Structures are given as C-alpha cells and as structure tokens.
Amino acid sequence: MGVPLRPLAARSVYREVAPPAALAGVLACGWHGQTGWARPLRVLPDGCADLVWDGDALTVVVTVGAPLRLWVPADASRVGVRLRCGAAAAVLGTSMPELPAGATRLSDLWGADARRAEEALAAADSEAQRGILETLVARRSATPDRRVLAAVRALGAATRTSDVAVGISERALRRHLVHAVGAGPKQLHRVRRFQRFLRLLEPLVAGRTSLARAAAELGYADQSHLGRECRRLSGSSPAALVRVAEKFQTPAPPVRHDRRHVPSHHRGTR
C-alpha cells in the first residue's frame, strides 16, 4: 500500500519504522496512521500488500494497478505492516490475483489464526499492535521466491522491462510475477517507476530538479508520457502531485531498525 500524502497542520500523522532485521526479507516497514478529520484518502499503488488493523478488523490491503480510495472517519487510528513487493503471496499463502484490489478480511485467508490475532490486537496499544503483526508474519516462516524479488528490484531500477534478466524465460517471469504480485512485468515496471517519481517530489518542490529532467532520468519518453502515467496511477497530473506535496508533505523521520518486536526464536538470525 503506497504512502499517503499527509498534512502537517492538522492532527493527521503517518509514520513508518523499519522492520526487525529478522523479518527484513519479507517486510518493508511497519507503520501507524492517525487521521485528523473525516475525509477520503487516496492510496497510491506500489505493488505491495499491507496487513492493517483498524480497531475492528484485520485486513490485507492490496494496491497494484490503480489508486485506492478509502473513506476514513475523524480520529481513526490504523496500524500496519507492509509486505515487500513480491513477498505477499508466500506470506499470505495465496496467489495474489485471487485477492481483489482493496481490503480483504485476513480471517477469510487464515481462519482462526487471524481471529486470535484480532483479539490480541483489540487488547493492545498501538506500539504493541505492530509487534503482534510482526509476530504473526514471523510465524508464517515464509520464503519468497528469490527470482521474483530479484525481478522486482530490477524492475524498480530499469528504464525498460527488456533490461531485466533473472535467469528465467520471459514467459516464466511473467507467470511468477503475476502469482507473487498480481501484475506482469510491464505493469509492475510502470508502478515501480511511478514510485521512483514519487520519491522525487521533495527535490521537485525544492526546485533541485524539473519535471522534464525527472521524466528523462526515469526513462519516460517525454514529460507528456510522465503525465499520462501519473494520471493513470494516481488520478492527478505530475504538477498537481508536486503542489500537494509542497502544501502537505511532512519530512520523513530517520528510519531505524526496531528489534523490540522480534519474536524470541528469530533474534540473532539473518
């Protein structure tokens, strides 16, 4: 689930923390969000899946091909962990195309394990809730396909899908990616490149780069190509995303590994 842009002036907060080292192979981060007022929330696609506790239900939220629009009430609190792009199918035990975009109740996939986790989450504070989610993931003992993870990394850096080579045929790569992520190489490349553009919002706001230069550096044919992709994947133009970032985005805190939530049987492992 992509990172929502968040306002500084109100009570809305979104913060991430790095996962325990023992889970870094399957988790991208843990996070906590608090909304300051009731409003629609747009979550941008990143090819990941999140386990999200909203106070009532534990769900898995998937965003891969289009922005996800959610209505959140005032003072809503959510705690989650983000499964790495390419790791979700191994952790969840299901092929990603079988999950609809948006939220699916985790108990529909994991049954009693998820229901017991919901009971524990309901009785815990937000800091302990993240630890419960991390422990839940650790108990799955999932091992993602290394070829898929290598392809995801390559697609995140490549300017063309033809630049990606992970030792399997193009047809096999597509089959593995669709199972693990819910998208083939071309669609995932679009999403990963769009995420790289989002990381340029801060230098764009600061005037250290331009949209034309960003488009060229990211391998778009031209600035118009960047614009079309932004509209497809976010519903906004690049300039509109820059304006939103300039008005609302808060600086990210330093990311540090938090080992307090590593299950005891995983401490010290790599």
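**View 1. Strands E4 and E7 run antiparallel and are joined by five bridges.** Two strands count as paired if DSSP finds at least two bridges between them. What we're looking at is a predicted model, where local features need pLDDT of at least 70 and side-chain atom pairs count only at pLDDT 80 or more, while totals for chains, interfaces and linings use all residues. Residues are numbered from 1 along each chain as its sequence is written, and side-chain values use heavy atoms, leaving out hydrogens and water. Zoom in on valine 52 and you'll find its bridge partner in E7, glycine 80. E7 also pairs with strand E2 (residues 27–34), again antiparallel, over seven bridges. There, tryptophan 31 has glycine 80 of E7 as its bridge partner. Five of the seven residues of E7 are buried, so the strand is largely enclosed by the rest of the structure; buried means under 20% relative accessible area, exposed means over 50%, and partly exposed is in between (1.4 Å probe, protein chains only).

**View 2. Aspartate 50 and arginine 82 form a salt bridge at 3.1 Å, N to O.** Aspartate 50 sits in strand E4 and arginine 82 in strand E7, so this pair ties together parts that are 32 residues apart in sequence. A salt bridge means a side-chain nitrogen of Lys or Arg within 4 Å of a carboxyl oxygen of Asp or Glu, and the count by that rule is nine. Both ends are tucked away: aspartate 50 is buried at 0% relative accessibility, and arginine 82 is buried at 4%. Glu16 belongs here too, as salt bridges with shared partners join Glu16, Asp50 and Arg82 into one network.

**View 3. Glutamate 118 meets arginine 105 in a salt bridge of 2.9 Å, N to O.** Glutamate 118 comes from helix H3 and arginine 105 from strand E8 (residues 102–105), so the contact ties together parts 13 residues apart in sequence. Glutamate 118 is buried, with a relative accessible area of 9%, whereas arginine 105 is partly exposed at 35%.

**View 4. Helix H3 has Ala114, Ala117, Glu118 and Leu121 buried.** Looking down the axis of H3, the buried residues fall within an arc of 105°, so they line one face of the helix; the arc is that of the directions from the helix axis to the C-beta atoms. They pack against E4, E5, E8, helix H2 (107–110) and H4, with contact meaning heavy atoms within 4.5 Å.

**View 5. Helix H4 holds both arginine 130 and glutamate 127, three residues apart, about one turn of the helix.** Their side chains meet in a salt bridge (3.3 Å, N to O). Arginine 130 is buried at 8% relative accessibility, but glutamate 127 is partly exposed at 32%.

**View 6. Leu92 and Leu106 have the most contacts inside the largest nonpolar core, which has 28 residues.** Such a core is a set of buried Ala, Val, Leu, Ile, Met, Phe, Trp, Tyr and Cys residues joined through side-chain atoms within 4.5 Å. Elements supplying at least two residues each include strand E5 (58–62), helix H1 (88–92) and helix H3 (112–122). Skipping residues up to four places away in sequence, leucine 92 touches Leu51, Val60, Leu83, Leu99, Leu106, Trp110 and Arg140. A second, separate core has 19 residues, among them Phe194, Leu204, Leu211 and Tyr220.

Technical notes: Helix = DSSP H or I, 4+ residues; strand = E, 2+ residues; numbered from the N terminus.
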